[in-house]
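Biologist: I would like a close look at a single part of this model, followed by a connected account of its surroundings.

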Amino acid sequence: MEILITGIVLGGTYALIAVGLTLQYGVSRIMNLANGENLVFACFGAFWLWSTFTINPVVGIALVAPVAFALNWVIYVWLLRPLVNRARNRGQLEVDSILATFGLMFIAQGVMLLGFGGGYYNYNFLSQPIAILGANYGLNRIVALGAAMVIAGALYLFLNHTRYGTAIRAVAVDPASAGLVAIDVPRASAFAFALGGALTAASGALLSTFYTFNASMGTLFTMKALIIVIMGGVGDVRGAVIAALLLGITETTVASLIDPGLTLAATYTLFILVLLFRPQGIFGRHLA
Amino acid sequence: MKPLLATVSRKEAGIAVLGAAGLAAAATLPLFDTGYYLSLALNIVMYVVLCTAWTLFSGPTHYISLATAAFFGIGTYSVALGIDHLPFPLLVAIGFVASSVLAGLVGIATLRLSGVYFVIFTLGLAELVRQVVTWAQTNFTHGVGLYVFTDFNETHIYWMLLGLAAIVYVTGWLINRSRLGFAMRIIGNDETVARHAGIDTARAKVALFMISGGFIGVVGAFLAPRFAYVEPPSAFNPMISFQVVIMALLGGTGRLWAPLLGVIPFTILFDQVSAHFPNHTSLVIGIAFMAVVYLLPRGVIGFVDDMRRLKRKFRIVLAEDGAAGKEHAS
């Protein structure tokens, strides 16, 4: 039971990153390998707001996420849209965007290394224990999970019950047809890319309340998020959330029952199973 | 079938003579300096082999492999684990086979699918193997570090790598003119066409990836004596994967020898940067990636080709102008 709850808390954080990434890849068609850097940037942002102005990290999301939104919008419009326009086919765009976002990833890591050094950071926020079903958990973890659920719920309502959310889903299905029904596809792509970055930043702010972070950990989170996105099916928000919880629980199980050094092996085992048996994702339909 | 030598064109023979002369000249370097310049040249040859082996697979398929560090580390570990029990050449062979087998497994799992799956899988592969090796060593052996004591010094390693470079180039040339190479060119241009022409695309890709991975493993095996003390973080250093990608793409992947054009300048630049500004290495790699994508999408070789074509066009225009001028005068 303890494993289950800890796993769900971890999975909840993964879920927001993965949902951010699935929006960026599913809608904007950009495989953003620098997405983990949004998360690290938000960790440092929340840390700075808390230690300088004692702003509660959960409230801090309201500051960190819009900054990430603006930053990602600018990155998309200035750097990635030229690649979208230049690409002759989907494969070329994939290669180009992978390389360009690798560049962004290293530049962001370099800047953060210069700014904060290579050391590990953490801070105390709501670190008192709370008892659930007879076992103790950090209150900060439970608060983070609650906030992640609220954000994911809001996103679900936006995508499924608003006009613009429907437009974004239409672009995810087929950009060419979406253009035919008077959807501004370039703008929707930029919006989805920026929204994905903002969601990842929000999860970073939540993560920083209970996780020790440093400037170069972004890649590991990007990789896990990518695996979750594929497990859940590209562009599928619901699938990403379920895959994230599954991964969180698996990792926690392996870490507490076998060896904490083998979490990545657990992730890869899941990944290989998905690749071999359901490469279209857990909820994906078979492609003809 | 004609004997192999009879099918070599005059141009190919010329390149072979030139390459052999270059190799021979490079091999004399340790006679002049065994300090800094040998060390730098060793790095350059190491990356030349790594990038050329990488290009063997990623050039025609356009799949970006980040598995280099994993194969390299496996080669290093094959030597480090067995150096007290088995002769060195046998260990190198084991390194080749072990890396090929890993490449084959990765290939079977991912190469049937689109390129993105492959990139993601290889992105974490080195880290995965590192975790498994560390776990196995802490649980089943006495410690994590291994000592590699041999009689090899940098000069020997340098010569071994030069020899390997020659083998990789010849292999690349042989593949290029084989059925496999022909199949890869078709797959690179259009995979659907290749499949309709009766090519087993997944099998061809896996075969090539195994050859490429095996060579990278051999480089790791050769480098083990240089480390002297091997532990998982140094053997499975993920930066190697990224550096290989950036150097190979900087040079260009269209021709077998094109990565050379990226390896030499980048290795020297990176050496200088890590010596004088050690905190700026990530920034340099990041900027290099951006430069390749936005300024040199087909690498230095593509740029050179463009310039040549432009010059030829310019010459034709000039000649036509000249002819037109003469007509006008008469």
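Is α12(B) mostly covered or mostly uncovered, and how many of its residues are buried?

Modeller: This is a predicted model, in which local features need pLDDT of at least 70, side-chain atom pairs count only at pLDDT 80 or more, and totals for chains, interfaces and linings use all residues. Residues are numbered from 1 along each chain as its sequence is written, while chains are lettered from A and ligands numbered from 1 in the order in which they are written. α12(B) is mostly covered, with 12 of its 13 residues buried, where buried means that 20 or more other C-beta atoms, placed from the backbone, lie within 10 Å of the residue's own. The buried residues of α12(B) include Ile240(B), Phe242(B), Gln243(B), Met247(B) and Gly251(B). Helices here are DSSP runs of H or I with at least four residues, numbered from the N terminus. Helix α12 of chain B covers residues 239–251, and its end C-alpha atoms are 18 Å apart, which agrees with the 18 Å that its 13 residues should span at 1.5 Å a residue, the expected span being 1.5 Å times one less than the number of residues. Just after α12(B), Gly252(B) takes a positive phi of about 115 degrees.

Technical notes:
Helix = DSSP H or I, 4+ residues; strand = E, 2+ residues; numbered from the N terminus.
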